[in-house]
Amino acid sequence: MDMKLEVVIIPVSDVDRAKRFYGDLGWRADADFAAGDDFRVVQFTPPGSNCSVIFGTGVTSAAPGSAQGMQLVVSDIDAARAELSAHGVDVSEVFHDAGGVFHHADAEGRASGPSTERSSYGSFVSFGDPDGNLWFVQEVTTRLPGRVATKTTYESDDDLASALRRAAAAHGEHEKRTGEADPNWPDWYAEYMVKEQSGEQPPT
């Protein structure tokens with residue numbers, strides 16, 4: 001049975017302030033339901049995400065600001081940082097973990113700049129909401145084998161465009177190696193994009 005992550009609960013102290021913050025990020029406002037003064041549910045969904053966040057009154061007993069390490073994924077970490085900054089978010093500089101695996105808590109082992117050779121999964125930025133709930137944004141360009149379904153989909157126009165640009169760059173190198181123009185480039189692009197997303201070795 002498939003079990004898909006649907007909602008993450010965020011503990012906040014001021015529901016309206018949190019609603020303004022996540023709305024200003026450009027996240028989709030899905031719901032704002034109240035039942036008296038003691039129960040209110042507000043739901044937002046990040047662009048392109050199948051999982052939403054909920055905050056409100058009476059939805060969690062966790063302390064406001066205690067949600068740490070929630071993760072968003074993007075295909076271009078620099079563009080994501082620029083967009084967050086443009087929305088008025090106090091976002092960190094791009095960083096990677098010195099150990100090369102995953103970011104540590106409390107900025108331990110944090111190294112400035114993107115990961116070595118800009119490896120997929122290796123580059124991050126972080127930001128907090130007004131209560132201090134901490135978000136990380138991770139750059140993922142190529143999934144490891146088994147990390148995605150076999151069906152090839154793209155969550156947004158930007159993700160598709162980024163995949164096409166990577167395919168175009170790789171195909172340019174392919175034509176340099178062969179020394180001739182490839183009239184079947186659409187087939188080559190298609191194979192490259194499908195295999196890249198499924199974690200298989202793309203054509204060269």
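The side chains of Arg-17 and Asp-131 meet in a salt bridge, with 3.2 Å from N to O. (A salt bridge here is a side-chain nitrogen of Lys or Arg within 4 Å of a carboxyl oxygen of Asp or Glu.) This pair links distant parts of the chain: Arg-17 sits in helix H1, Asp-131 in the loop between E8 and strand E9 (134-139), 114 residues apart. Helices (H or I, at least four residues) and strands (E, at least two) are DSSP runs, numbered from the N terminus. Arg-17 is partly exposed, at 30% relative accessible area. Asp-131 counts as buried, at 19%. The cut-offs are under 20% relative accessible area for buried, over 50% for exposed, and partly exposed in between, with a 1.4 Å probe and protein chains only.

The model is predicted: local features need pLDDT of at least 70, side-chain atom pairs count only at pLDDT 80 or more, and totals for chains, interfaces and linings use all residues. Residues are numbered from 1 along each chain as its sequence is written, and side-chain values use heavy atoms, with hydrogens and water left out.

Back to the charges. The salt-bridge count comes to 9. One of them joins Arg-40 to Asp-16, at 3.0 Å from N to O. It too links distant parts of the chain: Arg-40 is in strand E3, Asp-16 in helix H1 (residues 15-24), 24 residues apart. Arg-40 is buried, with a relative accessible area of 18%. Asp-16 is partly exposed, at 39%. Another salt bridge joins Arg-28 and Asp-30, whose closest N and O atoms are 2.5 Å apart. Asp-30 counts as partly exposed, at 30% relative accessibility. Salt bridges with shared partners join Asp-16, Lys-19, Asp-32 and Arg-40 into one network.

Now follow Arg-40 into the sheet. E3 pairs with E4 in the antiparallel sense, over 5 bridges. (Two strands pair if DSSP finds at least two bridges between them.) The two strands form a hairpin with 6 residues between them. In that turn, Gly-48 has a positive phi of about 80°. Phe-44 has Val-53 as its bridge partner in E4. E4 also pairs with strand E1 (residues 7-9), this time in the parallel sense over 3 bridges. There, Ile-9 has Ile-54 as its bridge partner. E4 is mostly covered: 5 of its 6 residues are buried.

What about the rings? The count comes to 12 aromatic pairs. Rings of Phe, Tyr and Trp (its six-membered ring) pair if their centres lie within 6.5 Å; planes under 30 degrees apart count as stacked, over 60 as edge-to-face and the rest as tilted. Phe-44 and Phe-55 are a stacked pair, 6.0 Å centre to centre with 10° between the planes. Phe-44 lies in strand E3 (residues 40-45) and Phe-55 in strand E4 (residues 52-57), so this pair ties together parts 11 residues apart in sequence. Phe-44 is buried, at 2% relative accessible area. Phe-55 is buried as well, at 0%.

A second stacked pair is Phe-95 with Phe-124, 5.8 Å centre to centre and 25° between the planes. Phe-95 lies in strand E6 (residues 95-97) and Phe-124 in strand E8 (residues 124-128), so the pair ties together parts 29 residues apart in sequence. Arg-110 lies over the face of Phe-95, at 3.7 Å from the ring centre. (The test is NZ of Lys or CZ of Arg within 6 Å of the ring centre and within 35 degrees of the ring normal.)
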